[in-house]
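I opened a new notebook page for this one.

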Amino acid sequence: TMLRDELHSLVDEDFAMLSGRTAGFTPADIVVLARDALMQPIRALQAATHFRAAPDPTTGYAVWAPCSPEDPDAVPMTWMTVDVDACRPDLTITVDGFLQSLATMRPSLSSADIASYDAWELTRA
C-alpha cells in the first residue's frame with residue numbers, strides 16, 4: 001500500500017524475495033523498512049561525486065543526473081554544486097534500495113518470540 005503512489009520498479013518476484021528476507025519483521029518494521037527504502041535514491045544523490053548531462057525525455061533540454069565516476073561523460077560535482085534547476089535524479093525506488101535498507105535493519109521479533117506467539121495462538125484455538 002505504501003508504494004502504490006510511489007514511482008518504483010519492483011515486480012511480484014521482488015516482493016516475494018523481500019518477504020522471504022523479512023522473517024520476524026513486525027508490520028511496524030516493514031513500514032520503517034519501506035520508508036528507509038524510499039530515501040535510498042536521495043542518499044545516492046547526496047553521495048554522488050559525479051554527474052552527467054543527458055537530454056530530458058520530456059523537454060529535450062540537457063539535465064544533470066548522478067553517475068559513476070567511470071562514466072565517460074562524468075563531470076566531477078556534488079549535489080551542492082550541480083545546477084538545481086537542471087538536476088533530474090532518478091528517484092525510482094528499486095529492489096536494490098530495499099536490499100540496502102535491509103542490510104542495516106534487524107527484525108523486532110526473534111525466532112523464539114515467534115515460537116512463543118505460535119504456542120500462545122494454539123492455546124487460544
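**Entry 1: two helices.** At what angle do α2 and α3 pack, and how far apart are their axes? I noted first that I am working from a predicted model. I looked up the pair and found an angle of about 120 degrees, with the axes 8 Å apart. An angle of 65 to 115 degrees would count as roughly perpendicular, and one over 145 as roughly antiparallel. The value here therefore makes α2 oblique to α3. I also checked the hand of the crossing. α2 passes α3 in a right-handed one.

**Entry 2: the contact.** Next I listed who meets whom. From α2 come L33, A34, D36, A37 and Q40. On the α3 side they meet G97, F98, Q100, S101 and L102. I sorted the residues of this contact by type. I got 5 nonpolar, 4 polar and 1 charged.

**Entry 3: the cores.** Which residues make up the largest nonpolar core? I found 12 residues in all: L3, L10, L18, F25, L33, A34, A37, I93, V95, F98, L102 and M105. α2 (27–47) and α3 (95–102) each supply at least two residues of this core. I then went back to M105, a member of the largest core. Leaving out residues up to four places away in sequence, M105 touches F25, D29, V32 and L33.

**Entry 4: T26.** I moved to the loop between α1 (12–20) and α2 (27–47), where T26 is found. Is T26 buried or exposed? Its relative accessibility is 18%, so T26 counts as buried. The cut-off for buried is under 20%. I looked for its partners beyond four places in sequence. T26 is in contact with S108 and L109.

**Entry 5: S108.** S108 sits in the loop between α3 and α4 (111–124). At 47% relative accessibility, S108 counts as partly exposed. I listed its contacts, again skipping residues up to four places away in sequence. S108 touches G24, T26, D29 and D113. D29 is also touched by M105. Last, I checked a distance. How far apart are the C-alpha atoms of S108 and Y61? They are separated by 47 Å, and the two residues are 47 residues apart along the chain.

Note on methods
Residues are numbered from 1 along each chain as its sequence is written. This is a predicted model: local features need pLDDT of at least 70, side-chain atom pairs count only at pLDDT 80 or more; totals for chains, interfaces and linings use all residues. Side-chain values use heavy atoms; hydrogens and water are left out. Helices (H or I, at least four residues) and strands (E, at least two) are DSSP runs, numbered from the N terminus. Buried means under 20% relative accessible area, exposed over 50%, partly exposed in between (1.4 Å probe, protein chains only). Contact means heavy atoms within 4.5 Å. A nonpolar core is a set of buried Ala, Val, Leu, Ile, Met, Phe, Trp, Tyr and Cys residues joined through side-chain atoms within 4.5 Å. Axes are lines fitted to C-alpha atoms, for helices over the stretch in contact, and angles run from 0 to 180 degrees between N-to-C directions. Angles under 35 degrees count as roughly parallel, over 145 as roughly antiparallel, 65 to 115 as roughly perpendicular and the rest as oblique. A crossing is left-handed if the near helix is turned anticlockwise from the far one by less than a right angle, and right-handed if clockwise. Ala, Val, Leu, Ile, Met, Phe, Trp, Tyr, Cys and Pro count as nonpolar, Asp, Glu, Lys and Arg as charged, and the others, Gly among them, as polar.
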